[in-house]
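Hi everyone, thanks for coming. Have a look at the model on the screen, and then I'll walk you through a few aromatic rings.

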Amino acid sequence: MNRLLIAEFVRLCKSFVFKLGFFFSAGLGIFIVIMRWIDVKKHPKAYAQLGAEYSSADGLIFVGGIYVVFVVAVVIGIFIGTEYGDGTIRNKLVVGHKRKSIYASKLVVCGAASLLMHGSYIGASLAAGSLLLEGTTMEGKEILLFIAAGSAAMLAMTAILLLISMSMQSKAAGSVVCLLVTMVMLFASLTIWQRLQAPKYSDGYSYMDEITGEIITGEKVENPKYLTGVKRDVYEFLNNFLPISQLYQVVMGESGNVGTMTLYDCLIIFVTMGGGILMFQKKDLK
């Protein structure tokens with residue numbers, strides 16, 4: 001197992017697609033901060049009214065996780081698909097490595113790659129934010145909590161993407177399916193969040209009729225699309241269970257469900273790892 005891990009990490013360090021993903025993530029963090037800095041300079045009065053958290057790097061430190069997860073999908077799809085195409089996995093079996101050890105080593109290395117890319121964005125955005133936006137108003141404990149929550153979600157997403165990639169021997173097909181799954185999960189997460197945030201009642205209103213001068217008022221009306229009962233429980237479960245929904249909660253600064261989300265991440269990792277090993281044991285390598 002140790003030899004497998006060493007070989008995988010050496011290959012990762014030499015991988016062009018991983019290096020590209022790492023520096024792209026860091027560049028994305030710097031780019032987003034620069035764009036906010038330009039906007040703050042253009043509209044200083046508006047940002048002064050909004051408060052320090054809007055003109056600082058608070059809302060930018062973790063938003064990159066939503067974008068970096070797509071980079072992770074591409075890197076994992078190509079990284080695994082290339083090894084299938086080169087016959088490297090088959091050669092490992094020939095020299096006596098067990099299939100479960102091969103799968104476990106890839107989970108460790110891909111997980112490390114995901115954390116490095118995620119970390120490069122956070123580090124770059126923090127550094128650029130300190131230079132251009134006077135840092136952040138968030139406390140150190142809060143930043144560490146969200147980093148831990150985002151990292152756990154990223155590892156869970158990595159486990160899902162690895163399961164997909166290891167089930168396909170085509171590099172192109174693996175990357176495309178990983179991207180599609182990530183995109184579907186993102187749209188599902190945004191839909192779930194919007195439904196959960198919908199108000200129970202619409203606000204009352206009051207306006208003057210321009211012709212008669214009469215004041216017309218309306219009372220609060222119950223929102224027919226407001227989630228209740230079992231349906232709301234299902235949506236809340238999915239919001240805490242899906243890794244990208246977890247990343248979105250981190251972006252929105254929601255810290256109340258971090259413990260629950262981390263437990264779900266551990267469950268996802270163990271289940272996908274077990275299922276992936278069983279699948280890989282039966283897979284016919286051409």
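**A trio of Phe rings**

So, Phe22 counts as partly exposed, because its relative accessibility is 27%; buried means under 20% relative accessible area, exposed means over 50%, and partly exposed is in between, with a 1.4 Å probe and protein chains only. Before I go on: this is a predicted model, where local features need pLDDT of at least 70, side-chain atom pairs count only at pLDDT 80 or more, and totals for chains, interfaces and linings use all residues. Residues are numbered from 1 along each chain as its sequence is written, and side-chain values use heavy atoms, with hydrogens and water left out.

Okay, what about the rings of Phe22 and Phe23? Their centres are 5.4 Å apart and their planes sit at 90 degrees, so that pair is edge-to-face. The rule here: rings of Phe, Tyr and Trp (its six-membered ring) pair if their centres lie within 6.5 Å, and planes under 30 degrees apart count as stacked, over 60 as edge-to-face and the rest as tilted. Phe23 is exposed, at 57% relative accessible area.

Is Phe18 buried or exposed? Phe18 is buried, with a relative accessible area of 9%. Phe18 and Phe22 both lie in helix 2, residues 16–42, and they're four residues apart, about one turn of the helix. Helices here are DSSP runs (H or I, at least four residues), numbered from the N terminus.

Put together, Phe18, Phe22 and Phe23 form one aromatic cluster. And across the structure there are seven aromatic pairs. One of them is Phe18 with Phe22: ring centres 6.3 Å apart, planes at 45 degrees, so that pair is tilted.

Definitions and conventions. Helix = DSSP H or I, 4+ residues; strand = E, 2+ residues; numbered from the N terminus.
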